[in-house]
Amino acid sequence: MADLYQFRNELDDPLDCLYILHCSGTNPLDNLEFSAKERKALKQKADALKPRGEEGELISGECPLPFAHRVTFFGLGEEKDLTITKLRGALTSIMSQATKNREYQIGLASPARIHGMAHPESRLFTLREASLADYTFDHFKSKKNEFDKIDGLHVIPLVGETEEELGERLQRVRLLRTSVQLARDLANRPGNDLTPEAFAGAAREMCEEVGGLRATILGKKELLKENMGGLLAVGQGSEEEARLIVLEHRPKKPKKSVVLVGKGITFDSGGISLKPPKDMGAMKYDMCGAASVVAIMRAVAELELPIKVVGLIPTAENLPSGTAIKPGDIITMANGKTVEVDNTDAEGRLILADALHYAARFNPDIVIDYATLTGACVVALGNEAAGLMSNDDSLAKTLSKLGEMTGDRVWQLPLYDEYLGYLKSEWADLKNVGGRWGGVVTAGMFLKQFVPDKVSWAHLDIAGVAYSEKEHNGTPQGASGFGVVLTISFLEQLLK
Ligand code: BES
Ligand code: MN
Ligand code: ZN
């Protein structure tokens, strides 16, 4: 991905193109930090090209100044209608335009502010999305498109934005981008490459690279000792052993304790309750929640947050075989509850349940889980927001608000006690599925039975937002890294 620079700090040759984003009804040069001379020359150019700022408008001309060859005005429509998704889409269009034009060094001037968002947040959002907009996953391509890639993204300061301020913002954007990129890179790896064992290896490697994190991997023997009947049952159909990856960030005087749990099914065939072949390949993404947790832990360590944060990743492969769990089987979970497995395709909740129970030993104030858990969530919310369920309304409100600010949008769904009735089993304490209706919330309700007492807990069903088959509103094809930025913002908010 393109490196981020402060305009003029790393520029030997002129920019290939300077992109100026602007809203209709505004002067495109407003709020941009240019000298009077530069402003005058650009103004003349704008007067000649007459950009109107209409949504999607793209008007290009020769740049009248020596610092760039060309200048392109990119319209965002009216500022009062500017949303995070619209801006994200625009930034992605610009980056793909630049790539197509073989522009290697580009300038980005974006004074536009997202409607209803405070200025610094809007600015950070813009820079972060721009820096992520040209992400591609070409690890398995022998011929990489290295020559067509943008090398540098040079950010034009805004009026009143000091060099230090912009420098700090870019530093933060770099850090978050590295984490989001890690989440995407892990999640995009197919099932044969990222097995539970390889996942544990990748998590360990990340810890060694950043330092300050402790990694512990529980294998079959340890899982048996912990009575993790859910995780072991899901893994028993595969030759790949299930694991629980534990990543710990333990600062000296932590202000809070938070446990993050990510669903790490490296491939979900459905097991004996086999999925239909259509789209089954997408189930290589069934570890997106886990990938985000690893990436969040990386950022937490790098930021040295004074919060104890533990990442728990139950990881397994859900396959049918002679040793696989079968519908009707009754298993005993780590907390002692028995579960009748009515459908082996509802495997995520089984592995998460054991991890949620395990979370208790870290005395968390807050537990958040991330899981591509139900197709029903995609039916309910499509690809625009994750489903959020919680036992703590104020936690839910905070996450909802931060979702709107970071672009990782979440929408709350209820966990009424009545839903527990849907999971009633004739033979065990619980069934792992609750029938056709309310599939998102019955999954949430199942998890709730395993959350340690007196803990604020939020469950994010990210099935609809964690990946996409093609580019969607500016998020790339493949994994999105959903949850990374939201969670870092949340953890920082805890310190305020
Ligand atoms: N990993 C799937 C959920 C999923 C579906 C994620 C579509 C992304 C896109 C999960 O393990 C699953 O199979 N859930 C079942 C639950 C059902 C059997 C109650 C589902 O949603 O069909
Ligand atoms: Mn499944
Ligand atoms: Zn699954």
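**Reading a helix and its salt bridges**

Guide: This is a predicted model.

Visitor: What should helix 5 span, and how far apart are its end C-alpha atoms?
Guide: Count 1.5 Å a residue: the 15 residues of helix 5, 196-210, should then span 21 Å. The end C-alpha atoms are 21 Å apart, which agrees.

Visitor: Which residues of helix 5 are buried?
Guide: Buried means under 20% relative accessible area. In helix 5 that holds for Pro196, Phe199, Ala200, Ala202, Ala203, Met206 and Cys207. They cover an arc of only 160° around the axis, so they lie on the same side of helix 5.

Visitor: And what does the face turned away from the buried side carry?
Guide: There you find the exposed residues Glu205, Glu208 and Glu209.

Visitor: What do the buried residues of helix 5 pack against?
Guide: Their partners include helix 4 (163-188), helix 8 (288-303) and strand 7 (214-218). Strands 8, 10 and 11 are also among them.

Visitor: Now for charges. What lets two side chains pair?
Guide: Side chains of opposite charge can pair when their charged atoms come close. In this structure there are 25 salt bridges.

Visitor: Which residue does arginine 214 pair with?
Guide: Its partner is glutamate 248, with the closest N and O atoms 3.6 Å apart. This pair links distant parts of the chain, since arginine 214 is in strand 7 and glutamate 248 in strand 8, 34 residues apart. Arginine 214 is partly exposed at 48% relative accessible area, whereas glutamate 248 is buried at 6%.

Visitor: Where do arginine 361 and glutamate 226 lie?
Guide: The two side chains meet in a salt bridge, 2.9 Å from N to O. Arginine 361 is in the loop between helix 9 and strand 14, and glutamate 226 is in the loop between helix 6 and helix 7, so the pair ties together parts 135 residues apart in sequence. Arginine 361 is partly exposed, at 45%, and glutamate 226 is partly exposed too, at 25%.

Visitor: How many residues apart are arginine 298 and glutamate 302 in helix 8?
Guide: Four, so about one helical turn separates them. They form a salt bridge whose closest N and O atoms are 3.6 Å apart. Arginine 298 counts as buried at 10% relative accessibility, while glutamate 302 is partly exposed at 34%.

Visitor: Which residues do shared partners join into one network?
Guide: Salt bridges that share partners join Arg123, Glu161, Glu165 and Arg169.

Conventions: Residues numbered from 1 in each chain as written. Chains lettered and ligands numbered in written order. Predicted model: local features only at pLDDT ≥ 70, side-chain atom pairs only at ≥ 80, totals over all residues. Heavy atoms only, no water. Helix = DSSP H or I, 4+ residues; strand = E, 2+ residues; numbered from the N terminus. Expected span 1.5 Å × (residues − 1). Buried < 20%, exposed > 50% of the residue type's maximum accessible area, 1.4 Å probe, protein only. Arc of directions from axis to C-beta. Contact = heavy atoms within 4.5 Å. Salt bridge = Lys/Arg side-chain N within 4 Å of Asp/Glu carboxyl O.
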